[in-house]
Amino acid sequence: QVQLVESGGGLVQDGDSLRLSCAASGRTFSIYAMGWFRQAPGKERDVVVVISWSGGITYYRDSVKGRFTISRDNANNTVYLQMNSLKPEDTAVYYCAASSDRRWNCLRGEPNCYKYWGQGTQVTVSS
């Protein structure tokens, strides 16, 4: 089992920045990729960004490219999501997730790959 704990959400204004953190514990040696997903009210949960645990491969959804940056600290089993130039449409609950599945589409954010999920953290961007 892998446990994930997110932190760093909050209420900000249009154009502000936030950094989310996701600390992993448990069987972290089994992690192949970690990702951030988000779910806005009335919408499905979508991938935001994914990073491979060892190789630094990343995948970003188009709408966050150039604004969001994912990074990892393997020594501390933590993944970060730096979000700059936030927009109201970024408002959602953000979830950290981990995958032990090594299929190629897992690095593209295929939700079925991600067995472990955090509790979610609310990000609200006001206009």
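Colleague: Which residue in E8 is the bridge partner of Leu-20?
Modeller: Strands (E) are DSSP runs of at least two residues, numbered from the N terminus. Two strands pair if DSSP finds at least two bridges between them, and E3 and E8 pair in the antiparallel sense over 6 bridges. Within E8, the bridge partner of Leu-20 is Leu-81.

Colleague: At what pLDDT do side-chain atom pairs count?
Modeller: Residues are numbered from 1 along each chain as its sequence is written, and side-chain values use heavy atoms, with hydrogens and water left out. This is a predicted model: totals for chains, interfaces and linings use all residues, local features need pLDDT of at least 70, and side-chain atom pairs count only at pLDDT 80 or more.

Colleague: Which residues have the most contacts inside the largest nonpolar core?
Modeller: A nonpolar core is a set of buried Ala, Val, Leu, Ile, Met, Phe, Trp, Tyr and Cys residues joined through side-chain atoms within 4.5 Å; buried means under 20% relative accessible area, exposed over 50% and partly exposed in between, for a 1.4 Å probe and protein chains only. The largest such core has 29 residues, and those with the most contacts inside it are Leu-4, Met-34, Trp-36, Leu-81, Met-83 and Tyr-94.

Colleague: Which strands each supply at least two residues of this core?
Modeller: The core in question is the one of 29 residues. At least two of its residues come from each of E1 (2–7), E3, E4, E5 (46–52), E7 (68–73), E8 (78–83), E9 (92–99) and E11 (121–126).

Colleague: How many residues does the other core have?
Modeller: This core lies apart from the largest one and includes Tyr-32, Ala-33, Phe-37 and Ala-97. Its number of residues is 10.

Colleague: What is the angle between the planes of Tyr-95 and Trp-117?
Modeller: Aromatic rings of Phe, Tyr and Trp (its six-membered ring) pair if their centres lie within 6.5 Å, with planes under 30 degrees apart counted as stacked, over 60 as edge-to-face and the rest as tilted. The structure holds 3 aromatic pairs. The pair of Tyr-95 and Trp-117 is edge-to-face, at 6.5 Å centre to centre, and the angle between the planes is 80 degrees.

Colleague: How many residues apart are Tyr-95 and Trp-117?
Modeller: Tyr-95 is buried at a relative accessible area of 14%, whereas Trp-117 is partly exposed at 28%. Tyr-95 lies in E9 and Trp-117 in E10 (residues 114–117), so that the pair links distant parts of the chain, and their separation in residues is 22.

Colleague: How far from the ring centre of Trp-117 is the charged end of Arg-45?
Modeller: A charge sits over a ring if NZ of Lys or CZ of Arg is within 6 Å of the ring centre and within 35 degrees of the ring normal. The charged end of Arg-45 sits over the ring of Tyr-95, 3.8 Å from its centre. The charged end of Arg-45 also sits over the ring of Trp-117, and the distance to that centre is 4.7 Å.

Colleague: What is the angle about the S-S bond in the link of Cys-22 and Cys-96?
Modeller: A disulfide is a pair of cysteine sulfur atoms within 2.5 Å, and Cys-22 and Cys-96 form one with S to S at 2.0 Å. Cys-22 in E3 and Cys-96 in E9 are 74 residues apart, and both are buried. The link is left-handed, and the angle about its S-S bond is -80 degrees.

Colleague: What is the S to S distance between Cys-106 and Cys-113?
Modeller: Cys-106 is buried at 0% relative accessibility, and Cys-113 is buried at 4%. Their link is left-handed, with -75 degrees about the S-S bond. The S to S distance of this disulfide is 2.1 Å.

Colleague: Is Thr-28 buried or exposed?
Modeller: Thr-28 lies in the loop between E3 (18–26) and E4 (33–39). Taking contact as heavy atoms within 4.5 Å, and leaving aside neighbours within four places in sequence, Thr-28 is in contact with Val-2, Trp-53 and Asn-77. At 13% relative accessibility, Thr-28 counts as buried.

Colleague: How far apart in space are Ser-127 and Ile-57?
Modeller: Ser-127 lies in the segment after E11 and counts as exposed at 83% relative accessibility. Ser-127 and Ile-57 are 70 residues apart in sequence, and their C-alpha to C-alpha distance is 33 Å.

Technical notes. Helices (H or I, at least four residues) and strands (E, at least two) are DSSP runs, numbered from the N terminus.
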